[in-house]
Amino acid sequence: MAGIVTEPWSVAENGNASMTAKGSSRELRLGRTAHNMSSSSLRKKSDLRVIQKVPYKGLKDFLSNLQEVILGTKLAILFPAIPAAIICTYCGVSQPWIFGLSLLGLTPLAERVSFLTEQLAFYTGPTLGGLLNATCGNATELIIAILALTNNKVAVVKYSLLGSILSNLLLVLGTSLFCGGIANIRREQRFDRKQADVNFFLLLMGFLCHLLPLLVEYLANGKTSAAVLSDMQLSISRGFSIVMLISYIAYLVFQLWTHRQLFDAQDQEDEYDDDVEEETAVISFGSGFVWLVGMTLVIALLSEYVVATIEEASDKWNLSVSFISIILLPIVGNAAEHAGAVIFAFKNKLDISLGVALGSATQIGLFVVPLTIIVAWILGINMDLNFGLLETGCLAVSIIITAFTLQDGSSHYMKGLVLLLCYFIIAICFFVDKLPQSELISTFLYMLLLGISIIWAYNTHISNGNALSDKVKTG
């Protein structure tokens, strides 16, 4: 967790933060989302004893903020990549270097945005703080998508957003379940299925919105012109995007107001728990807001570098743009959040790990994706929800396999291993993908029907088993 400052000068600098922040620290702690809890695992306490000796209050305040915001994370070692990327851009260094340095620079920035939104939550209260975090939780993906749209790189937008969903469902969750299972191999890991069920309902609805525009293309007869099909897909996608945004707003109401207890990161007391101290704000509201705006601007700058150099990096590294966008971008861009999820899985806190993975996938699928469709509509760019046959098939199978894995509310390392292997299979597929989309239709439909059949058979088996168990108990 971020360090708790008790020095008198720090309290004065923060404008008596402990008195002005709304709600008790315990209420804020219980109102924190899994995303907040995950990112906080990468923070470290700040030692401000040296700064305390600075005689000038203005300089002291600035240095304390710098210490908390820049050096208050275990990922601070990656911050030099930001000026390095900027210098390389103006010095004419090879674009793949700029691309790689920009990706590294985005990693700590994403974690710091989470830290700053949590600091602001001490002043706005847990509900508004949760809403702010829900909006800024995937700021990096949203900024990259919008900048790619302005450069008319629709394919990069679709690939990167799809990659973020697949990464959360298979890589993050798989790594968390695998590492948690290995670390707790002699104890059963259990989690609350209620939160996961809500996320899967929404993810399946989002998948339906991707599937129907795709089927329009394949079910149309030969007399339908390409222009008519394109207009149909575009109109359907824009209508679906509005519905998806409405569902996301309903999800926020469900998560932050009516059923907040299902999503709160609970204080689980076990032998691993070291987060028992009462927390207070370490920077003032004004400082937090200024830092948040500044971090967002830097993210926008680095995202512009990523978008501008991705094709050159693809050529130099001999990797397809689809592989870089679907596999590499999500891994590097969300490394901080992913590492936090794995750390909590080690501590046998799977509810937090699941909240990070499934919550982030839901936010990308039902907020960022439809929002980019609407933004493209406003900009006059034709972008629809047809992500392609192979891509939609991977999305479908990923949702189905993940739902199947989490059916019984328990976990072991084998489940995590299977999810990781599925992610590697998809990565290999996009690494060597050179087939025309039309050749994959039968494979996609077969995978989809097979997945649905497995889920149906499993649910039937569980229902019969529960019925038999009830008969034995009552008999």
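A salt bridge here is a side-chain nitrogen of Lys or Arg within 4 Å of a carboxyl oxygen of Asp or Glu. By that definition, a search of the whole structure, which is a predicted model, turns up five salt bridges. Below is a friendly tour of some of them, along with a helix pair and a serine in helix H13.

**Salt bridges**
- Glu111 and Arg112 join through their side chains, at 2.8 Å from N to O. Glu111 is buried at 1% relative accessibility, and Arg112 is buried too, at 0%.
- Lys153 pairs with Glu311 at 2.9 Å, N to O. Because Lys153 sits in the loop between H9 and helix H10 (154-183) while Glu311 belongs to helix H13, this bridge ties together parts 158 residues apart in sequence. Lys153 counts as buried at 17% relative accessibility, whereas Glu311 is partly exposed at 31%.
- Asp408 bridges to Lys415, with the closest N and O atoms 2.7 Å apart. Here Asp408 is partly exposed at 35% and Lys415 is buried at 14%.

**Helices H9 and H16**
- H9 (residues 139-150) packs against H16 (residues 350-379) at an angle of about 25°, with the axes 10 Å apart. That angle makes the two helices roughly parallel, and their crossing is right-handed.
- On the H9 side, Glu141, Leu142, Ala145, Leu149 and Thr150 take part, meeting H16 residues that include Ile364, Val368 and Leu371. The contact residues comprise nine nonpolar, two polar and one charged.

**Ser314 in H13**
- Ser314 lies in helix H13, which spans residues 285-317, and is buried with a relative accessible area of 8%.
- Beyond its neighbours within four places in sequence, Ser314 touches Leu319, Ser320, Val321 and Ile324.

Conventions: Residues are numbered from 1 along each chain as its sequence is written. This is a predicted model: local features need pLDDT of at least 70, side-chain atom pairs count only at pLDDT 80 or more; totals for chains, interfaces and linings use all residues. Side-chain values use heavy atoms; hydrogens and water are left out. Helices (H or I, at least four residues) and strands (E, at least two) are DSSP runs, numbered from the N terminus. Buried means under 20% relative accessible area, exposed over 50%, partly exposed in between (1.4 Å probe, protein chains only). Contact means heavy atoms within 4.5 Å. Axes are lines fitted to C-alpha atoms, for helices over the stretch in contact, and angles run from 0 to 180 degrees between N-to-C directions. Angles under 35 degrees count as roughly parallel, over 145 as roughly antiparallel, 65 to 115 as roughly perpendicular and the rest as oblique. A crossing is left-handed if the near helix is turned anticlockwise from the far one by less than a right angle, and right-handed if clockwise. Ala, Val, Leu, Ile, Met, Phe, Trp, Tyr, Cys and Pro count as nonpolar, Asp, Glu, Lys and Arg as charged, and the others, Gly among them, as polar.
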